Amino acid sequence: MSFNFINGEIHMKQRSLLKACLAVMVGTATVCAQEFIQVRTLSELQKIGSGIDGWTMDASYLLMNDIDASATATWNDGAGFTPIGNQASPFRGYFEGQGYVIRNLTINRPTESEVGLFGYVEGALVYDVGLLGGSILGQALIGGLAGWASDSALGWCAINCWVRGGANGGYEVG
C-alpha cells in the first residue's frame with residue numbers, strides 16, 4: 001500500500017491486503033475466519049467500543065467506504081468526536097480501513113489527554129485507513145490516528161490533518 005497526496009487528496013494505490021480472503025455477508029464480513037463488524041456511517045464509527053450490539057473494544061471492525069465526518073464539528077457542544085478508547089477502557093480490537101478515508105474529523109478537547117480517532121489502543125491493530133482534513137486538539141498524548149498506543153500496530157495509514165497540543169503544558173503530540 002502506498003499513499004500519494006495530490007491536490008489535497010489522499011490517493012491510495014492499492015486497497016486492503018485482506019481483499020484476497022474477504023467474503024462479505026449481510027451486516028458482517030468474514031476475513032480469513034475472523035468476523036468483522038462493518039462500519040459504513042459516521043454514527044457507526046462513533047459506536048465502536050460502545051458495547052451496544054457487540055460493538056466492543058475488543059471486536060474487529062471493517063471500514064466499508066469513505067466517511068465524511070464534517071458533522072463532528074458541532075457534536076458534544078463543540079468537543080467533537082469522542083475518541084475510541086481511553087486508559088481505563090482501551091481499544092484492543094482490530095480496525096481494518098481497507099484504504100478508505102475519514103474526512104474532516106473534528107476533536108476539540110483542549111483539557112483532555114489520549115486524543116485522536118483512537119484515544120488509547122493496547123494490543124490492537126489499526127490498519128490501512130486515511131485521515132484527511134479536520135482538526136484534532138488535546139492537552140497531551142495527541143495523535144491523528146491514536147493518542148496513545150501500547151503493544152499495538154498502526155500500519156499503512158496516511159494522515160493529513162491538523163493535530164495540536166494545548167497552549168499550556170501540551171506534550172506528546174504527533
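Modeller: Happy to; let me start with the ring criterion. Two rings of Phe, Tyr or Trp (for Trp, its six-membered ring) pair if their centres lie within 6.5 Å, and the pair counts as stacked with planes under 30 degrees apart, as edge-to-face over 60 and as tilted for the rest. By that rule, Trp55, Tyr61, Phe91, Phe95 and Phe118 form one aromatic cluster.

Before going further, a word on the model itself. It is predicted, so local features need pLDDT of at least 70 and side-chain atom pairs count only at pLDDT 80 or more, while totals for chains, interfaces and linings use all residues. Residues are numbered from 1 along each chain as its sequence is written, and side-chain values use heavy atoms, with hydrogens and water left out.

Now the pairs. The whole structure contains 7 aromatic pairs. In one of them, Tyr61 and Phe91 are tilted, at 6.2 Å centre to centre and 40° between the planes. Tyr61 belongs to strand E6 and Phe91 to the loop between strand E7 (67-68) and strand E8 (94-96), so this pair ties together parts 30 residues apart in sequence. (Helices, H or I, of at least four residues and strands, E, of at least two are DSSP runs, numbered from the N terminus.) Tyr61 and Phe91 are both buried, where buried means under 20% relative accessible area, exposed over 50% and partly exposed in between, with a 1.4 Å probe and protein chains only.

Phe91 has another ring partner. The centres of Phe91 and Phe118 are 4.9 Å apart and their planes meet at 50°, so this pair is tilted as well. With Phe91 in the loop between E7 and E8 and Phe118 in strand E11, the pair ties together parts 27 residues apart in sequence. Phe118 is buried, as is Phe91.

What surrounds the rings? The term to have ready is nonpolar core: a set of buried Ala, Val, Leu, Ile, Met, Phe, Trp, Tyr and Cys residues joined through side-chain atoms within 4.5 Å. The largest such core has 32 residues, and Leu45, Phe91, Phe95 and Leu117 touch the most other members. At least two residues of this core come from each of strand E5 (34-39), helix H1 (42-47), strand E6 (60-63), strand E10 (106-115), strand E11 (118-122) and strand E13 (130-142). E13 supplies the largest share, 3 residues.

Phe95 deserves a list of its own. Counting contacts as heavy atoms within 4.5 Å and leaving aside neighbours within four places in sequence, Phe95 touches Leu45, Ile48, Tyr61, Leu63, Phe118, Leu125, Val126, Tyr127 and Val129. There is also a second, separate core of 5 residues, with Leu62, Met64, Tyr94 and Tyr127 among them.

E6 pairs with E8 in the parallel sense over 3 bridges, pairing being assigned if DSSP finds at least two bridges between two strands. Within E8, Tyr94 is the bridge partner of Ser60.

Arg92 and Glu122 meet through their side chains in a salt bridge (2.4 Å, N to O). This pair links distant parts of the chain, from Arg92 in the loop between E7 and E8 to Glu122 in strand E11, 30 residues apart. The criterion is a side-chain nitrogen of Lys or Arg within 4 Å of a carboxyl oxygen of Asp or Glu. Arg92 is partly exposed, at 44% relative accessible area, and Glu122 is partly exposed too, at 24%. The structure holds 4 salt bridges. Another joins Asp66 and Arg103, with the closest N and O atoms 3.7 Å apart.

One backbone detail also belongs here. Asp128 has a positive phi of about 60° although it is not a glycine, and it sits in the loop between strand E12 (125-127) and E13. At 0% relative accessibility, Asp128 is buried.

Finally, confidence: pLDDT is the predictor's confidence in each residue, from 0 to 100. The protein averages 79, and 70% of the residues score at least 70. Over residues 1-33 the pLDDT is below 50, and this stretch has 77 contacts in the model beyond near neighbours in sequence.
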